[in-house]
Amino acid sequence: WGPDDEDEPRLRGASGPVRVRVPAKINLHLGVGPLRPDGYHELNTVYHAISLHDELTARRGDTLTLTMEGEGTGELALDDSNLVIRAARALAAYAGVPAYARLHLRKQIPLAGGLAGGSADAAAALVACDALWGTGLSRDELAAIAAGLGSDVPFLIHGGTALGTGRGEAVSPVLARPTSWHWVVAVADGGLSTPEVYRELDRLRASGAAGTPLGSADALLAALRQRDPAVLAAALGNDMQAAALSLRPALAATLKAGEAAGALAGIVSGSGPTCVFLAAGESDAERIAAGIEAAGVCRAARAAHGPMPGARVV
Ligand code: ATP
């Protein structure tokens, strides 16, 4: 009776560690429609996955545990409220397997930064546990579980550049010839709560101070097809920017510093406070990042590029 005995139950999935990399997202277009009866706003957004990433490692365990290092360590709860744990449990429930794993998160995406870091970690947990447990779900099945965890999570399963509608969870890829876009990501001190930024937007709209809503993403999608950064720069837009600036007026100086450093355009990323800038090329992005840091208007600025794939085993 050796280890090769046919009666020995075979472990499905991976016996060694599974490492998953997941990108941050920015919104090239974020059109926020009216508040729906269910409390969500109707969105028309174009998501874009960039080279700033988190990494999640999954190992076999007798319970479900999470440890972390990097951005947010000591601030972020590692209990059942963490999106990584919620995602692992959601997958286990769907697949009918025990939710046993030792998970370790290496976080570079800032907390509450408007880069969907928590959603990215949830997507990473779905992909990592699917590989660890050998549950073998398709990307579409994982994206369906993802939609129950948060509006941005399905996009972070798919990655690339994609149109998001509904509350953002209905994602369809933007088909375009491969083009790399170069960005500078300026991370702020401290975060902004997404629900609070939505409330501020509703307040500004009620008082007529929010500007005209952007509406459909058609102009942005047409700009992407032209593959010219100057054209894309002119089409970037974010309805949440006015609200983020209202709550965090200092962001105006960050946006100004990026443009002074040579960016083609700068916008607040999602609900902020991270600002992202489009550069003409890779070396421009490095130069602009250095210029923004020298201006002392953010915690850190670094070059990034996109589109990047969604959560994947590396
Ligand atoms: P979005 O752009 O999707 O609104 P964000 O980038 O502004 O998100 P996140 O960092 O994704 O903000 O998360 C916001 C909140 O979600 C955090 O303040 C935290 O309370 C909760 N959260 C739960 N799990 C995580 C996680 N793994 N990483 C980050 N935040 C998490």
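UniProt lists residues 82-160 as "domain: GHMP kinase N-terminal", in an unreviewed entry. UniProt positions follow the numbering used here, feature names are shortened, and annotations may be inferred rather than shown by experiment. Over residues 82-160 the chain is 57% helix and 9% strand. The end C-alpha atoms of that stretch are 25 Å apart. Helices here are DSSP runs of H or I with at least four residues, strands are runs of E with at least two, and both are numbered from the N terminus.

Two housekeeping points. This is a predicted model: local features need pLDDT of at least 70, side-chain atom pairs count only at pLDDT 80 or more, and totals for chains, interfaces and linings use all residues. Residues are numbered from 1 along each chain as its sequence is written.

Next, the active site. The unreviewed UniProt entry puts that feature at K25 and D152. They span 128 residues in sequence, yet no two of their C-alpha atoms are more than 8.7 Å apart, so they gather at one spot.

Take K25. It sits in strand β1, residues 18-35. K25 counts as buried, with 34 C-beta neighbours inside 10 Å. Buried means 20 or more other C-beta atoms within 10 Å of the residue's own, with C-beta atoms placed from the backbone. Leaving aside neighbours within four places in sequence, K25 has contacts that include Y47, H48, L115 and D152. Contact means C-beta atoms, placed from the backbone, within 7 Å.

Now D152. It lies in the loop between α3 (139-147) and α4 (153-158). D152 is buried too, with 28 other C-beta atoms within 10 Å. Beyond neighbours within four places in sequence, D152 touches K25, A116, S119 and G168.

On to the ligand. How many residues surround it? The count is 18, and the closest are L83, A116, G118, D121 and T194. The cut-off is a C-beta atom, placed from the backbone, within 6 Å of the molecule. Helices α1 (83-95) and α2 (117-133) each supply at least two residues of the shell. α2 gives the most, with 4.

Where does the ligand lie? Domain 1 (18-174) and domain 2 (181-306) both give residues to the shell, so the ligand lies between them. Those bounds come from an automatic or database domain assignment.

Last, the whole chain. It has 10 helices and 12 strands. Buried residues make up 47% of its 314 residues. Happy to take questions.

Key: Buried ≥ 20, exposed ≤ 12 C-beta atoms within 10 Å, placed from the backbone. Contact = placed C-beta atoms within 7 Å.
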